[in-house]
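Load the model and keep the selection panel open. The tour begins once the structure is on screen.

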Amino acid sequence: MNSDSPVPSPGASAGLLVVGLGGAGLAALRRLAADAAGLGDDTAFIAIETDSASLARRPEGVEGRLAGTTVARGWGCGGDPVHGAAALEGEEAWFRARIAGVRVVCLLAGLGGGTGGGGAPFFARLARESGAFVIVFGLTAAEFEGERRRAQSLAALRALRESAHAVIAQPLEGLLRLQAPGAAFETVRDQAEELLAQPAGALLGALRRTSFTGVSPGDIERVLRDHAGTAVAISARASGPGRVESAVASASTHPFLAADPGLPGAAAVIAVVSGGTDLQMDEVNRAAELLRAKCPSAEVIATAGVRPALGDQLEVAALVVTPASLAPESSETPRTGVDAAMKFEDAMPPGGLPAPQPAGFVPAPPDLTPEQRQRVVETQFGRRKSKGKSPLQTTFNFEVVSIGRFQQTEPTLRRGQNLDEPTWARRGLTMN
Amino acid sequence: MFDYSPILVGLEIGTSKICAVVAELNSLNELTVTGIGQEPSRGVRKGELVDVPKTAEDVRKALVLAEKMANVEINAVYLAVTGGHVSSTVLRGILPIATAHRKITKQDIEDAVGLARQSNAEPGFEVIDSVRQDFDLDDRASVPDPTGQVGSVLTAHVHAIRARSSRLETMRQLLGEMQLGVEKPVFGGLAAALAVLNPEQKEKGVLVIDLGAGTTDYTLFGGGILRHSGVLAVGGDHLANDLGCAFDISLEESRNLVRDPAVALALRDEKEARANIILPGGPARPSKNLPLEKIRKVAILRAEETLEIIAEEVGQAAPMWRPREVVLCGGGARLACIENLARQVFRAPVSLGKVRNVSGPADVLNNPEFAAPVGLVRYAAMRMAKTRVADGGIVSRITSVFRRNQHRTT
C-alpha cells in the first residue's frame, strides 16, 4: 500500500498540508479536497489510515499512507488509540520528512476512534516540532457511540491542546440532537462530514490569503490564548435576496452551537464571509454587524474573500471561542451530553424540528414561544454576567497530570515539556 | 615497614540506594575491593538530597556495613556527584608564545591548560572534574600533543564538569557531621566510565550510559579523550512512576512489576506481551489485571525517550565523535528491553558494563549497578598512583602512613 509513497525528500514541501487521519478524517478530507480551489496551488492532501480498505477509497490526487502494518496489519486498530498512536509512531521518519518545510498543517480527525484519537496528538506534535502552525479539526464522539469513545475523544482533545497550536472541537452530539425522528442515517452522516469539512475549508482559505482580508496563524493562536477557551468552527450558506441575514441566522443556530452557551456566550469570533465574484462590501459589513449583535461582548474579527466556486451563494464561516469555564466539555469526567442538550430540548417545539435537510444545509432557528426564548436568553446572559471577564489563564481545560514521586522536586524541563510527567501522557496515549 | 596499602573509599548517595565501597591499593597499584555496604535510600530524588536527616541515617548504616566487611575505619571518601545541577562545558585557555620560532614545551602546555581551568568563573558553580582535551596551535585545530611544534598562539581545550556549589556544600556538611571528610567530589558518570572502559574503547569512541534510579549520566570518549559528559535528571524511578500513574499502583508495585519475569519477557519480545499479569490486591484495593502489552508500551516509551534525548545531546555537543560502541551500566541497564532500544537509537553495538582491572567479590564486579561506586575507588587509585610517581614512591608511602594516623586521631 505504501509502495506508491516512498520516503519523500525534505524538499517535497507544501504551504498547506491537509491530513485526514482515520475513517472520519478521511471522509472530511474527501469533501475538502473536492472543493480545494480556495486553498492555493501549493496545498497537499494526505490520508493516513490503519485500515487498508478505507485508505483505498481516498480520492484521486490524495496521497495515502497506511500506518501500522505491524500493529494493525491493515485491518484498522479496532478503536484503540494506543494502537493508533503506535501505528503512527512506526511511520515517524516518513511523516517528519513529509512535514519538513510546511507552513501550516491541518489535521482532520474523528477523535473517538483509534487512528484519529491516538494518532492525531502524535502527528500534531511532530508537525509542531517541525515548525509548522498546527490546526486540528476534531470530531468528538456522540453519545450513541458509547462511553468509551466519548472518553477517548475527550482524552485526545486534552492531548491535542498540548501539542497543536489551535484545536477546534466539533461536537457530533450537537448535530444528532437536532435531528428529527426518522432522519436517514446516511443523510446525517453526510451532514456530519460536511459540517466538519465546510468550515475547515473556509478557515483554511482565509489562512492562505496574505492580504488584509486574510487571517494569520498568529491571529488564531492569539485569540485562543487570550480567551482561553474551547473553539468550534461553523459555517452556513444562503443565496437569493436577504442572503446575508439568512446565512448569519443559520450560522448562529448551527448544530455545533446547540449546547450552552452558544453564540451569545462566545468570547471571540473570527468570521470569514465568502461569496462569488458578486460579493459586495456592504454584505461583508452587514454580516459582521449582525454577528456582533449576536454576541455583543465578544471580540469579533471579520474577514472576507471571493471564492468563485460559491456561485451566487454567500457563506458565513466562523471560529467561535467559548471561555473554558462556560464550555460544555470543560468537565473532567466524560460528559454524556444529556445535561446541556436537555436545556435546549426543553425549549424545542413539540414534535421536534422539521424534516432533515439535504447535506450542507444548516437548519433555520427553531420556533420558540416567547417564554421558551426568554428562558434560553436569561440562562445565557445570566451566566455571562456572573462570570464577568474571561479568565486570563492560557490553558484550555485544566488537567492534572500526576508526576507522583517528583511533586517536591525541581522539574526536569526540556523544550517546554516536563519530563517528570509520564511519557505516555505527554504523547497523548490513553490507558483506560 | 612500608608495606602499607592505602584504604580508598567510594561513596555514592544514590536515589534508590546508598553504596559505600572500600578498596585497597597495593604497592603494585593493584586495586582490590575489600568491603561493600548498601542501604536503601529514602531522602534522595533525582540524585539530589531532599531529606537530609534520613539520608544521613542511611549513609551511616551503609558505611558501618562497609567498615565491618572490610574491617577498617572510614575517615574520608571519594563522593559521587550527580543530579540536574551538574553540567559540562569546554573551557579554553589561550597562551600567546612571545618568542618567535620557539618550540612548544611541556610547560607551555601546562600553562595553557592552567589558563583554561582558571577561565571558569560562573558564580555558584564549582568545577568538580576538568579533563584535558586537545589543542589548537595557530590555525591547526585538534592537535593531541603540540610539544616540540612551532607556533605563536596555543589554545588548550579542557572539558570541565561543574556542579552547583550549594549542593556540594550540603553533601560535605552532611558527611562532616559524621566526622567524614570528602577527599574529592567526582562526577558519577565519569567514575562509572573509568570502571568499565579500556583504553582501546576510549580510543575508538564509546558512550557510557549510567542508568540510575534518579538520573542518567553519560560520558562520551573518542580518540582516547573525554569528549562530552552530562546528566539527564530522568532515571528508573521515572519509568516506575509512569507505570504507577498509568495503572494507579504504588511506586513499590511498579518497581516490582519491572522485575517480574513475565514483564521482562514482554519487554524483550513483543510476542510475549499478549497476556495479562495479575497484580495481587491488598486490604486497600482488589487485585488488578494488567495487560502486558500496555506495560510494555509505557516502559518502552520512557526508556526510548531517555536514550533519544541522550543521543541528541551527544550528537549536538560532539558531532565529530559518533560512538562506535555503547556501554550500559547502573541499575537501569538490567531493564530487559534497554539493550535492544539502545542498539536501535545509537545504531552501534551495545554491551553491559563490567568492572575491569579490579579484584574483589564477583557479584560486585560483574554487576553493572556497582560501576559508579567501584569507579570512585578506581579514580582514587589513579590519583594516588600519579602521586606515587610524582613523589618517587617512597615519600608517598610515608605520607600515607602519616595521613592514616592523622585520620585515626581526629
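Predicted model: local features only at pLDDT ≥ 70, side-chain atom pairs only at ≥ 80, totals over all residues.

Residues are numbered from 1 along each chain as written, chains are lettered from A in the order written, and side-chain values use heavy atoms, without hydrogens or water.

**Interface**

Select the residues in contact (heavy atoms within 4.5 Å). Chain A gives 27 residues and chain B gives 30 residues. The buried area (accessible area, 1.4 Å probe, lost on putting the two parts together, summed over both) is about 2,400 Å². Carbon and sulfur atoms give 51% of that area. Now pick A:Arg405, A:Arg414 and A:Met431: they supply 28% of what chain A buries against chain B, more than any other three residues.

Stay on A:Arg414. Its side chain meets that of B:Glu312 in a salt bridge, 3.0 Å from N to O. The rule (side-chain nitrogen of Lys or Arg within 4 Å of a carboxyl oxygen of Asp or Glu) finds six salt bridges across the interface.

**Pocket**

Move to the second largest pocket, with a volume of about 1,100 Å³. A pocket here is an open set of points on a 1 Å grid over the protein atoms alone, where a 1.4 Å probe fits, with protein on both sides within 12 Å along at least five of seven lines; lining residues have an atom within 4 Å of a point. The volume is the space filled by probe spheres set on the points, joined across faces, edges and corners. Centre on B:Gly212, B:Ala213, B:Gly236, B:Gly331 and B:Gly332, the closest to the pocket centre of the 48 lining residues.
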